[in-house]
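Subject: Structure handover

Hi,

Here is the structure for you to look over. My notes follow below it.

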Amino acid sequence: MSGPEFQEPALGWFDFPPSKPARLIPPIVLAYIGDAIYEVAVRQYLISRPNLRPNHLHRTATGLVSAKAQSRILAYLEPLLTEEEQDIVRQGRNAKSGSVPKNADVLEYRHATAFETLVGYLYYTGQQDRIRELVGKSIEYVEHSK
């Protein structure tokens, strides 16, 4: 078998490793965990800021985690991605979720899913530094492009 040898799955934050290597997890499932990881990162970022009123936190978080924002983030990050990351993004963009987006058009929704897939993949391959780098650039980009 060519390519990297199978390694034990990365544990992530809790002692519940995935049932298979990250490359074999369906993109929509990677997007599921990636959405949660990105949401926690955004919340942690917002709590680091001075305005901690719950309504302000919620409004600001929504602006950072919306499909529209994630779609813009992905367009910004794509030139910075490795070939492997671009491949994961392609898979996420082409994944069929089975649901219809409420507050985004289909293209934005697919790009947002691709971004979340990338975050999920990086999480389950133990690339915490890369997640921090890309999420940091993402938040900075959205905050400075308002």
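The cover over the buried residues of helix 3 includes helix 1 (27-48), helix 2 (54-65), helix 4 (83-94), helix 5 (106-124) and helix 6. Contact here means heavy atoms within 4.5 Å. Buried means under 20% relative accessible area, exposed over 50%, and partly exposed in between (1.4 Å probe, protein chains only). The buried residues in question are Ala67, Ala69, Gln70, Ser71, Ile73, Leu74 and Leu77. Helices (H or I, at least four residues) and strands (E, at least two) are DSSP runs, numbered from the N terminus.

Some ground rules. This is a predicted model, where local features need pLDDT of at least 70 and side-chain atom pairs count only at pLDDT 80 or more, while totals for chains, interfaces and linings use all residues. Residues are numbered from 1 along each chain as its sequence is written, and side-chain values use heavy atoms, with hydrogens and water left out.

**Overall fold**

The protein chain has six helices and zero strands. From the N terminus, the order of elements is α-α-α-α-α-α. The C-alpha trace spans about 50 × 30 × 30 Å along its principal axes. The radius of gyration of the protein chain is 15 Å, which agrees with the value near 15 Å for a compact globule of 146 residues. That radius is taken over C-alpha atoms, and the globule rule is 2.2 Å times the number of residues to the power 0.38. Of the 146 residues, 36% count as buried. Take the contacts between residues at least 6 apart in sequence: 70% of them join residues at least 24 apart.

Ser71 sits in helix 3. Its relative accessible area is 14%, so Ser71 is buried. Leaving aside neighbours within four places in sequence, Ser71 is in contact with Glu108, His111 and Ala112.

Ser138 belongs to helix 6. Its relative accessible area is 0%, so Ser138 is buried. Not counting residues up to four places away in sequence, Ser138 touches Tyr38, Ile73, Leu77 and Phe115.

**Aromatic pairs**

A search of the whole structure turns up four aromatic pairs. Tyr76 and Tyr141 form one that is stacked, at 4.3 Å centre to centre and 10° between the planes. Tyr76 lies in helix 3 (residues 67-77) and Tyr141 in helix 6 (residues 128-144), so this pair ties together parts that are 65 residues apart in sequence. For the cut-offs: rings of Phe, Tyr and Trp (its six-membered ring) pair if their centres lie within 6.5 Å; planes under 30 degrees apart count as stacked, over 60 as edge-to-face and the rest as tilted. Tyr76 is partly exposed at 35% relative accessibility. Tyr141 is also partly exposed, with a relative accessible area of 24%. Elsewhere, Trp13, Tyr123 and Tyr124 make up one aromatic cluster.

**The largest pocket**

The largest pocket has a volume of about 550 Å³. Of its 22 lining residues, Asp35, Val65, Ala67, Tyr109 and Glu116 are the closest to its centre. On a 1 Å grid over the protein atoms alone, a pocket is an open set of points where a 1.4 Å probe fits, with protein on both sides within 12 Å along at least five of seven lines; lining residues have an atom within 4 Å of a point. Grid points are joined across faces, edges and corners, and the volume is the space filled by probe spheres set on the points.

Helix 1, helix 2, helix 3 and helix 5 each supply at least two lining residues. Helix 1 gives the most, with five. By class, the lining has 10 nonpolar, seven polar and five charged residues. Ala, Val, Leu, Ile, Met, Phe, Trp, Tyr, Cys and Pro count as nonpolar, Asp, Glu, Lys and Arg as charged, and the others, Gly among them, as polar.

**Other positions**

Glu143 lies in helix 6. It is partly exposed, with a relative accessible area of 22%. Leaving aside neighbours within four places in sequence, Glu143 is in contact with Tyr45 and Leu64.

Pro54 lies in helix 2. Pro54 is exposed, at 64% relative accessible area.

Thr82 is in the loop between helix 3 and helix 4. At 38% relative accessibility, Thr82 counts as partly exposed.

Best wishes
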